[in-house]
Amino acid sequence: MAGAADARASTAAARVVMFPLPFQGNLSPMLQLAGALSARGLAVTVLHTAFNAPDPARHPGLAFVPVPVSLPESVVAGNDGNTKVFDLNAAMDASGSVVRDALASLLNKPGEPRLACLIVDAALPAVQKAAAEIGLPWLVLHTCSAACFRMYGSYGLLYGKGYLPKQESNLYLPVKELPPLQVRDLFDPSELPNQETVQKTMNLWNQTKMNSGTIINTFEALEGHELEMIRGELATNGIAVFAIGPLHKLSPTDGTMTSLLEEDCSCIEWLDTQAPCSVIYVSFGSLTQLSRDEFTEIAWGLANSGKPFLWVARRGLVRGVEKPELPEGFQRALLEGRCKVVEWAPQQKVLAHSAVAGFWTHNGWNSTLESICEGVPMVSRPIFGDQFANGRYVEVVWKIGFLLEGMLERGNIERVIRRLIEESEGVEARERAKDLKKKAITCLESNGSSKLVLDDLVHHLLSL
């Protein structure tokens, strides 16, 4: 008992400041980590931008401090995530001491626990630079998989061996150093608008290597080999690696509390009316955009599959259209009650529902990890960035789903859905997904790998 009391006293004596990248896929895991650390007794302050600012009322255990860094309206309204990341860092650099002063104001605040360190998103080197200027230790949170961490850290090798830039002739070539990836799965900076952007991307990764620790939202039983390789690669720089996932399960904060979009919970009531393991859930995340033709093919592919489906058709999903409209005749083609279309869904609750048989996803890492944790097999349709590598792992390494490749065409969509839900391959994928779910549950037990790593992380933070 005395040991537990001493541990609580020592954590209460320290504060951690956190700075998330203000996009849904980055903000959620950072706030989930904040919740997990707060639950262990650490004081947590979240610095944030006005752009996509979190709602403090949803996180009563955390302190929030706005940082007056603004993005041009043209950038905020744009759809290019890479541009927003680079412009946000540029705005922070241009703001001079704004970020540095925000961090410094917490260093010696009277009556407050001492500030131990900063935890910052890997895509914010401007914040890391500000921490370095005032001598504040920082750790980097990577919101991608361990496999993608290795991919992003291998640009020198990938360019040196001729895998990048991609060529039509080598797209299906295996990347021997990063199995089972093929060249077409790699994120290629050369495909970005100009050479300056390419260099910014390369620098972004290099700058994250100078830190007091690397946190990755994954777990040992899922990516043990990849984590072993990462630890070996970072050991020479003395950087500790913390595989502390799945964060959405470690945190007392649920998905509703970290969502930037309003969730339509009526879809849970609709799922309650469906047969067990019958529904295909379809969502492509918060940033993906489709052409009108792709949207139409998806609509008819889902309708023609004959399966009940829950489809997230959010605002901005279709390029050039504020609110996507279902194609003419679509509703009449459906049996009454066989579909539900919403603008945004409480995804973690949806995936945990017994009616859900499969998840058609873009394979963003949060979505992929949430599906794994609920034992739901996937139809994978990667769109950009790390999603291609995630989709390859789903199909080839974990064997819990199928890639939907080529043009989006209603016949192919219908076939892959039936394959996942009806055919023997789908049954086998579902069984493997259930096995991975059990491993995820095990890692979250009191002596599980992720709980032990969380202990190690807290001790590490207190030692800084």
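This is a predicted model: local features need pLDDT of at least 70, side-chain atom pairs count only at pLDDT 80 or more; totals for chains, interfaces and linings use all residues.
The chain averages a pLDDT of 90, and 90% of the residues score at least 70. Residues 1-10 have a pLDDT below 50, and beyond near neighbours in sequence that stretch makes 1 contact in the model.

Back to our unit. β4, residues 114-121, pairs with β5 in the parallel sense over 4 bridges, and Ile119 stands opposite Leu139 of β5. On to the next neighbour: β5 also pairs with β6, residues 214-216, again parallel, over 3 bridges. There, His142 has Ile216 as its bridge partner.

So, is β5 buried or exposed? Of its 5 residues, 138-142, 5 are buried, so the strand is largely enclosed by the rest of the structure. In a regular strand, side chains alternate between the two faces of the sheet. Here Trp138, Val140 and His142 are buried on one side, with Leu139 and Leu141 buried on the other.

Now let's look at another sheet. This one is open, with 6 parallel strands in the order β10-β9-β8-β11-β12-β13. Its edges are β10 (339-342) and β13 (401-403), each pairing on one side only. Neighbouring strands here are turned by 15° against each other on average, direction ignored. At the β10 end, 4 bridges join that strand to β9, residues 309-312, and Trp311 has Val341 as its bridge partner.

Last stop: helix α18, residues 410-421, lies across β8, β11, β12 and β13, running at about 140° to β11. Thanks, everyone!

Terms used
Residues are numbered from 1 along each chain as its sequence is written. Side-chain values use heavy atoms; hydrogens and water are left out. pLDDT is the predictor's confidence in each residue, from 0 to 100. Contact means heavy atoms within 4.5 Å. Buried means under 20% relative accessible area, exposed over 50%, partly exposed in between (1.4 Å probe, protein chains only). Helices (H or I, at least four residues) and strands (E, at least two) are DSSP runs, numbered from the N terminus. Two strands pair if DSSP finds at least two bridges between them. Axes are lines fitted to C-alpha atoms, for helices over the stretch in contact, and angles run from 0 to 180 degrees between N-to-C directions.
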